Amino acid sequence: MKGDSIMSEAEESSLLPLLPLLHGTPSQDYEQYTCNGSVDIRGNRASKRHTGNWRACYSILGGEFCGAMAYYGVGTNLVSYMTKVQKQSNVAAASNIAFWQGTCYLTPLLGAFLADSYLGRHRTILVSLMIFTMGMLLLTLSAIIPASIRVVVNSHSQDALSSLGLFLTALGLGGIWPCVPTFGADQFDDTDTAEKEQKKLYYNWYYFAVNGGFFFASTVLVWVQDNHGWGLGFGIPTVVSTVGIAGFLACMKLYRYQKPGGSALTRICQVVVAATRKVNVDVPTDSSLLYEMPPGKESAIAGSRKLMHTDGLKFFDRAATITTSEDASNPWKLCTVTQVEELKILARMLPVFLTGIVFNTAEAFFPLFIEQGQVMDSHIVAQFWIPPATLTTFNCLCVIILAPAYNRVVMPMVCRITGKKRGLSELQRIGVGMVFAMFSMASAALVEMVRLDIAKNRVLMNILWQAPQYMFAGVAKVFSVVGFIEFAYEQSPDAMRSLCQACSLLMVTLGSYLVSIMLKMIDSVTAGRGSHGWIPENLNEGRLDQFFWLMAGLHLLNLLAFAYCATRYKCKLAT
C-alpha cells in the first residue's frame, strides 16, 4: 500500500467505480485514481492528486503557445517572402502556400496513427517537436546564408533549402496538431463530473493558446521580418520552438498517459472482413446476443472503454454475430460490439467532417486577403503604417477575447435564449461558426467591389476596411474550430481520439487543396483573350470580388449540407 492507505488493494480496486462520487470528500484518507484507463509515467494507475488536471495542462498550453508562434511566424507572412524574396507571382505564391498549408494538415494522419497504435501521444509529440524545430532551423539558414557569406549562392539551392525546411515543419506538425489537444484533454478524467466540466474549459484555453501565438507572430514577428530581415524573423520562432520542447520535457511526471490501443486501421479492416464473410448470416434482433467481453472485464481494445450497441449500419453487426464457438479466437471472423461500434462512429462522423472542407477554405484565403491589402492604403495616421499581414491580428483578437469569454459570457447568454443548461452542443457550435465564415467571404467581396470602384479615380481605400472580414473569420474559428476539436474528442472512440482529430485536420488539408485548385482553374478560365482574369498581378485590373462572392455562395450551400448531416447524427453511447 502507498502512503497512509488503510484498505487492501482488492478492496480499493472494488471501489474504483465509486471514486468519482467520492471526489472532493475531505475525510477520505486514501489516494484516488482515475477510472478512464490513464496511467502515470511509471505505468501505474494515474493519481488524481498528483497527476493531470490543470497542473499538467499549463505546460501543454505553454508548449502549444510556443509551437503556434513558431508555425504562424512562418505562415503568416510567407506570401511576402515568396513574392518579394523568391520573386513568385501572386497566383503562384498563393497556390504554393495553400499547398504547403494543406500538407501541414495532411501529415497528422501519420502522426495520429503512430500515436494511437504504437508510440502513444506523448512520445509522438516529442519526436514531432524535434522534427519541426529542425525544419525551422533549415528555414532560418536559407534566409541568412546568402547574406552572411560573400559568394553568390544559386537561387535554386536557396529555394531547395527553404523547401526542405517547409517539408520538415509540415512533417513535424503531423504529430503535434492531432496529439496536443487530445493529450491535454487526457489530463481530465471523463468519469469524474468535476473534471469533465473542467475539460470543456480546456478546449477554449487550448485555442486561446494557439491564437495567442498567432497574435504574437502576426504582430511582432511580421514587423521583425519586414524591418529586420528574414533571418531574424525565422530565427526567433526557431528559438521559441526549442523552448517549447524544454517545457514539455520538464513536466513529464505530471502527465496522465493513455496506452496505445493497437492499429486502428487493422481493427477497421477486421470488422469489414468479418462482416463480409457473414453476408448471408442474419443479425439477431436482440443486441445482447452479439459478441462482447463479459461484464466486469475490460474492453478487448487496450485504452478503450466498452461501447454500447447502436441501431443503424446493421451490415457491420454481422462482424459481432456469433456463428461458431471457434470464432472468438480469430478477430478476422468475430469482433466485439465495441470494435464494430468504433467503425460505426467513424462512419457517422465522416459526413460532419466532410462539411469542414469548405469551411476551412476561409483561412486558406488569408494570403489573398493580404494581397488585397497590398493594393490598399496601409497608413493609419500620419507616418504610421502597418504591413498588410499584420491585419490578421483582428482575427487573433476575436479569438483571444472570445475563447476565454465563451464559457463565462457567451454560454450563459445562449442558455437564457435556448433554455438549455449546456447552451450549444458541439454540432450547433460548428454551425454558428459556418455562418460567420460565410459572412467573412461576403465582407471581403463587398470591400473589393468598393475598392475597385474608387481605384478608378486613382484613390486608395484604407486597409482598415478589411478588418470585418478578418473579425468574422475569427468569430467563425472560435465557434467551429473549437467545436470540431470538442466533437472529434467527445464523439470518437477512446482508442481513436488522435486519429479522429487528424481526420478533422484533414478537412483543413482538403480545404487548402480546394483553394489551390480553384485558384488555378479560375486563373485558367478567366485569363486570356485580352482579359486579365479575376486575379492578375495588378488586382486593380481583375475581379477578385467575383471570386469572393463565388466562395460565399459555396459556404452557404455547405451550411445547408451541414445542417442536414447534423440533424441525422447519432451520438456515441459508452458503457
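Mentor: The discussion below sets values against definitions. This is a predicted model, in which local features need pLDDT of at least 70, side-chain atom pairs count only at pLDDT 80 or more, and totals for chains, interfaces and linings use all residues. Residues are numbered from 1 along each chain as its sequence is written, and side-chain values use heavy atoms, with hydrogens and water left out.

Trainee: Why is F484 called buried?

Mentor: Buried means under 20% relative accessible area, exposed over 50%, and partly exposed in between (1.4 Å probe, protein chains only). F484 has 6% relative accessibility, so F484 counts as buried. F359, at 4%, is therefore buried too.

Trainee: What makes W205 partly exposed?

Mentor: The relative accessible area of W205 is 35%, so W205 counts as partly exposed. F208, at 25%, is likewise partly exposed.

Trainee: Why is the pair of W205 and F208 called edge-to-face?

Mentor: Rings of Phe, Tyr and Trp (its six-membered ring) pair if their centres lie within 6.5 Å; planes under 30 degrees apart count as stacked, over 60 as edge-to-face and the rest as tilted. The centres of W205 and F208 are 5.0 Å apart and their planes lie at 75°, so the pair is edge-to-face.

Trainee: Why is the pair of F359 and F484 called tilted?

Mentor: Their ring centres are 6.5 Å apart and their planes lie at 45°, so this pair is tilted. F359 and F484 are 125 residues apart, and their pair links distant parts of the chain.

Technical notes. Helices (H or I, at least four residues) and strands (E, at least two) are DSSP runs, numbered from the N terminus.
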